[in-house]
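Open your viewer and get ready to click along.

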Amino acid sequence: MTERLKQFREIGKKVVAVCRNYKGLTAAQGIPNPKTPSLFAKPTTAYITEGQSIRIPEGCNLLYHEVELGVVINQNCSNVAVSDVDDYIGGFVLALDMTAKDFHNEAKANSRPWFLSKGFDTSCPVSDFIKKEKVPNYQDVRLWLKVDGVIKQDDSTSDMIFSVPEVISYISKYITLEEGDVVLTGTPDGQGPVTEGQIMEAGLADIVSMKFSVAK
Ligand SMILES: O=C(O)/C=C/C(=O)CC(=O)C(=O)O
Ligand SMILES: [Mg+2]
């Protein structure tokens, strides 16, 4: 692994995210499973790491947490076959796809883009880089999140509609993925509100955990 990859946050590579990618989530929401992965992006200014707080964006009255497995890409790739995707995975991060849900609902209702609701500063808290070998079975690993000590999200990546290789292969047909890019693979059911002063703790099995507070 190159030094450049280890420093992916400083390099500030793009974040490509998938949504509605857990069967439990679509079932709970009573919506059909998507036929292809639904994609959006976050700017690199959205990244924060432990020690920094999530800041509620101006005018947002409903901030949601979403815990997700982030995949860190290790070399440029386009048009990658599903069977070859493992060669392009450099490691992982645990990530939160923080969402200004009221902005998001309004954007959806008015057929406007989601960018602001998903891309505001501090909307992508990430853990330390996790070496690939620490998550040998990334297709069946537990993701969990607690708010003030109460468990809110707890599921396995095996509940994904599109697997990590399928997601990365699909993205790479249209968007060149570069070394250091992070692919957020969707959130399991249980996403919900957090308010100023609350603390979220999230983990990837017992491999990594992280804590973030919410500030005005
Ligand atoms: O309302 C929707 O269609 C999607 C909302 C989300 O926030 C989706 C995700 O980001 C996700 O499922 O991870
Ligand atoms: Mg999400």
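What percentage of the 216 residues in the chain is buried? Colour the chain by accessibility to find out: buried residues make up 51%, where buried means under 20% relative accessible area with a 1.4 Å probe, counting protein chains only.

A word on what you are viewing: this is a predicted model, in which local features need pLDDT of at least 70, side-chain atom pairs count only at pLDDT 80 or more, and totals for chains, interfaces and linings use all residues. Residues are numbered from 1 along each chain as its sequence is written, chains are lettered from A and ligands numbered from 1 in the order in which they are written, and side-chain values use heavy atoms, leaving out hydrogens and water.

Next, switch to cartoon view. You will see 6 helices and 16 strands, which are DSSP runs (helices H or I, at least four residues; strands E, at least two) numbered from the N terminus.

Now select Leu-63, Leu-96, Ile-168, Met-200 and Leu-204. Within the largest nonpolar core, which has 47 residues, these touch the most other members. Such a core is a set of buried Ala, Val, Leu, Ile, Met, Phe, Trp, Tyr and Cys residues joined through side-chain atoms within 4.5 Å. Elements giving at least two residues each to this core include β6 (67-73), β7 (89-96) and α6 (164-174).

Zoom in on Ile-168. Leaving aside residues up to four places away in sequence, Ile-168 touches Val-71, Ile-73, Val-85, Ile-89, Leu-177 and Val-183, with contact meaning heavy atoms within 4.5 Å.

Finally, select Ala-17, Cys-19, Tyr-47 and Leu-184: they are among the 14 residues of another core, apart from the largest one.

Key
Buried < 20%, exposed > 50% of the residue type's maximum accessible area, 1.4 Å probe, protein only.
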